[in-house]
Amino acid sequence: MAVGSACTVPLPSGAKIEAEVVGFENDKLFLMPQSDVEGVVPGTRVYPVEVVQSLPRPGTVNHPRRRPSDRGRHLPVGDELLGRVLDAAGRPLDSLGPLHSSHAAPLSVRAANPLMRAPITDVLDVGVRAINSMLTVGRGQRMGLFAGSGVGKSVLLGMMARYTGADVIVVGLIGERGREVKEFIEQILGNEGLARSVVVAAPADTPPLMRLQGAAYTHTIAEYFRDQGKSVLLIMDSLTRYAMAQREIALAIGEPPATKGYPPSVFAKLPTLVERAGNGRDGGGSITAFYTVLTEGDDQQDPIADSARAILDGHIVLNRSLAEAGHYPAIDVEQSISRAMHNITSEDHQKLTRRLKQLYSRYLRNRDLISVGAYSPGSDPVLDEAIALNPRIESFLQQGIHERSGIQESLGQLATLFGG
């Protein structure tokens with residue numbers, strides 16, 4: 001059987017386990033289950049899911065051959081999914097009944113030809129002032145949200161989901177705590193955000209194969225809406241848990257660990273997934289993606305964070321010290337960057353952004369001197385301006401969870417900050 005083929009394992013109790021071929025060695029196949037393996041006994045039979053399909057053979061007439069099917073690898077998509085919460089297999093997790101979807105799409109697809117994609121030319125309003133003004137995001141851009149635990153990344157994602165100018169939001173909660181799934185939907189996303197969203201949840205207690213499938217399904221749904229010409233905001237929390245799921249599978253089948261315990265296949269999987277997001281053809285839809293990346297111990301040189309930074313179109317870093325000081329969202333504008341910003345913003349906007357960064361950075365570098373009274377006003381005119389404007393800059397970069405700041409409003413406030 002080929003890698004990726006589906007199998008069924010009947011149990012003595014009458015139940016069955018779905019599994020997938022994830023590798024082989026000589027004449028042995030390695031299977032990874034899609035659920036718990038409780039009840040499996042030595043000698044349990046494994047049956048491939050097969051269909052009869054006519055395949056031509058060179059030099060012979062057509063005749064039926066049996067081959068492994070990708071049944072189960074096509075999952076439901078469509079407008080019927082809006083407002084629903086699904087698991088990684090496309091089954092509803094809410095109490096709203098069956099999906100009744102008339103469309104299905106494959107989980108594994110090739111990324112679009114890069115020369116056929118439309119360039120990033122339009123700004124996407126995410127409703128967050130610090131991002132709209134300092135880290136402007138374009139439609140079709142792929143951004144990383146780098147944060148440790150407990151610094152407000154879920155709240156920031158919820159704000160973007162509620163206030164974005166995108167037509168459809170697709171949320172993938174991959175490998176997170178099961179408790180957080182309900183909290184994100186009810187308290188952070190809210191009814192307003194859920195109405196135009198599709199949520200795919202594969203919590204931490206699901207098998208690693210289902211976590212991988214949940215991430216792929218999230219992108220499949222987003223691709224469907226993009227192909228309908230819609231602007232899609234894709235939020236995946238988190239890319240690190242996706243990498244950890246692939247690490248579990250790779251180590252289980254004997255792949256050697258390379259970088260800090262991560263096998264090479266992990267770093268090959270990341271760009272394959274990320275490249276599925278982005279713009280479609282000219283005049284078509286777009287997928288603007290935000291991937292959260294967990295930086296353990298706030299280490300920005302973590303191998304997954306380092307790899308993600310290289311394949312994404314920018315990164316937003318959440319700073320723990322800002323969060324501890326009550327500065328929300330805790331976006332570190334010094335370490336964050338949007339690589340598409342210079343293509344989609346005006347020269348005046350970029351000048352204001354650079355000026356704010358310079359003043360903010362100058363103040364932070366001299367904050368200790370200022371706090372102990374060691375700095376003499378007048379010795380550095382730029383620092384004097386930074387000290388005078390710092391309260392207004394910090395107020396500008398902060399935003400309440402129930403406050404929306406559109407793109408034009410954000411730019412107006414940025415210009416007003418400097419008396420424009």
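Predicted model: local features only at pLDDT ≥ 70, side-chain atom pairs only at ≥ 80, totals over all residues.
The chain averages a pLDDT of 89, and 93% of its residues score at least 70. Over residues 51-72, by contrast, the pLDDT is below 50, although this stretch still has 30 contacts in the model beyond near neighbours in sequence. According to the domain assignment, the chain comprises domain 1 (5-48), domain 2 (74-344) and domain 3 (348-417).

The centres of domain 2 and domain 3, taken over C-alpha atoms, are separated by 30 Å. Contact between the two involves 24 residues of domain 2 and 26 residues of domain 3, and the area buried between these domains amounts to about 2300 Å², of which 55% lies on carbon and sulfur atoms. On the domain 2 side, the residues that lose the most area to domain 3 are Arg129, Met134 and Tyr163, which together account for 32% of what that side buries.

A helix pair was also examined. Helix H2 (residues 153-163) and helix H3 (residues 178-194) have axes that come within 9 Å of each other and cross at roughly 10°. Because angles under 35 degrees count as roughly parallel, H2 is described as roughly parallel to H3. In the contact between these helices, Ser154, Val155, Leu157, Gly158, Ala161 and Arg162 of H2 meet Phe184, Ile188, Leu189, Glu192 and Gly193 of H3. Sorted by class, the residues in the contact of H2 with H3 are 6 nonpolar, 3 polar and 2 charged.

How values were computed. Residues numbered from 1 in each chain as written. Heavy atoms only, no water. Axes fitted to C-alpha atoms, helices over the stretch in contact; angles between N-to-C directions. Helix = DSSP H or I, 4+ residues; strand = E, 2+ residues; numbered from the N terminus. Parallel < 35°, antiparallel > 145°, perpendicular 65-115°, else oblique. Contact = heavy atoms within 4.5 Å. Nonpolar A, V, L, I, M, F, W, Y, C, P; charged D, E, K, R; others polar. pLDDT = per-residue confidence, 0-100. Domains from an automatic or database assignment. Buried area = accessible area lost by both parts, 1.4 Å probe.
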